[in-house]
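Let's walk through this structure together, from its overall layout to some single residues. Keep the viewer open and turn the model as you read.

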Amino acid sequence: MAVLINFKICDNAKECGGIGVCPTNALSWDEENKTIKIDNEKCISCGACERECPIGAIIVTKTEEEYKRKEEEIKNDPRTIKDLFVDRYGSVIISDFFKIEEKDINDKIKNNNLTLIEIYNPDEAECLLKSIPIKDLTKGLPKDTMFYKIESNHLLEKYKINELPALLVFKKEKYLGHIEGYYTIDKIDEVIIKLNKIINN
Ligand code: SF4
């Protein structure tokens, strides 16, 4: 019965929701060392802390073998806390740079070779670190490709969208198609294939 924290992506704060929900005090705040303290003698592997963590930094394991595997995964995890501050598809907006309003769309797609506009719903924003970074999503596309985010439910009917987030693709003002639904980072190849199909059709 044990819990691990991936401190590579955890902001290690006193306000950690995992500490708040832990029924046995296995997770607590160490004021002296300013860090979340784990006491695995007290952990009952109930999973409450794992469910509470919005970025998936808390991992609850049930066996020693699983604990060791997860410990190794954390050791090899290339992500850092900085990854939390990268704008992502299907997630809450971090930089206002990407944000536009519905009235701006025609202006933004004008004169552009390729423009991607993501319609997102902040109420259903998914975990930041599990979403696909915009820079990775657009890596193989022409350098002048523009990416914007828009919060608008009015567009769903117009573009026949059933599920958010949705990524609208425009080429020289013409709407080419869209991808809809949430994708985690492990599905990035799938999304890129879909995107290229829409662009090259
Ligand atoms: S799994 Fe349950 S008991 Fe263990 S640290 Fe998390 S909340 Fe506490």
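A residue is called buried here if 20 or more other C-beta atoms lie within 10 Å of its own, exposed if 12 or fewer do, and partly exposed in between, with the C-beta atoms placed from the backbone. What you are looking at is a predicted model, in which local features need pLDDT of at least 70 and side-chain atom pairs count only at pLDDT 80 or more, while totals for chains, interfaces and linings use all residues. Residues are numbered from 1 along each chain as its sequence is written.

Let's begin with the whole protein. The C-alpha trace spans about 60 × 30 × 30 Å along its principal axes, and 24% of the 201 residues count as buried. To talk about contacts, take two residues as touching if their C-beta atoms, placed from the backbone, lie within 7 Å. Among contacts between residues at least 6 apart in sequence, 68% join residues at least 24 apart.

The protein is divided into domain 1 (2-81) and domain 2 (88-200), with bounds that come from an automatic or database domain assignment. Taken over C-alpha atoms, the centres of domain 1 and domain 2 are separated by 33 Å. Domain 1 brings 5 residues to the contact and domain 2 brings 4 residues. On the side of domain 1 that touches domain 2, the residues divide into 3 nonpolar, 1 polar and 1 charged. In this scheme Ala, Val, Leu, Ile, Met, Phe, Trp, Tyr, Cys and Pro are nonpolar, Asp, Glu, Lys and Arg are charged, and the others, Gly among them, are polar.

Next comes a sheet. An open sheet is formed by 5 strands in the order S6-S9-S7-S10-S11, with mixed pairing. Strands S6 (99-100) and S11 (174-180) stand at the edges with a single partner strand each, so one side of each is left without a neighbour in the sheet. Two strands are said to pair if DSSP finds at least two bridges between them.

S7 runs parallel to strand S9 (residues 146-150), joined by 5 bridges, and Glu118 stands opposite Lys149 in S9. With S10, S7 pairs in the antiparallel sense over 6 bridges; here Leu114 stands opposite Lys171. Strand S10 (residues 166-171) is also joined to S11 by 6 bridges, again antiparallel, with Leu168 opposite His178.

What packs together inside? A nonpolar core is a set of buried Ala, Val, Leu, Ile, Met, Phe, Trp, Tyr and Cys residues joined through C-beta atoms within 7 Å. The largest such core has 20 residues, of which Ile119, Ala166, Leu167, Leu168, Val169 and Val191 touch the most other members. S7, helix H5 (134-137), S10 and H7 each supply at least two residues of this core, and S10 gives the most, with 5 residues. Leaving aside neighbours within four places in sequence, Leu168 is in contact with Ile117, Ile119, Tyr159, Tyr175 and His178. A second, separate core of 15 residues includes Ile5, Ile36, Ala57 and Val60.

A cis peptide bond, with omega about 0°, joins Leu164 and Pro165, and Pro165 lies in the loop between helix H6 (155-158) and S10. Lys172, in the loop between S10 and S11, has a positive phi near 45° though it is not a glycine. Lys172 is exposed, with 12 other C-beta atoms within 10 Å. Asn6, in the loop between strand S1 (2-5) and helix H1 (17-21), is buried, with 20 other C-beta atoms within 10 Å.

Methods. Helices (H or I, at least four residues) and strands (E, at least two) are DSSP runs, numbered from the N terminus.
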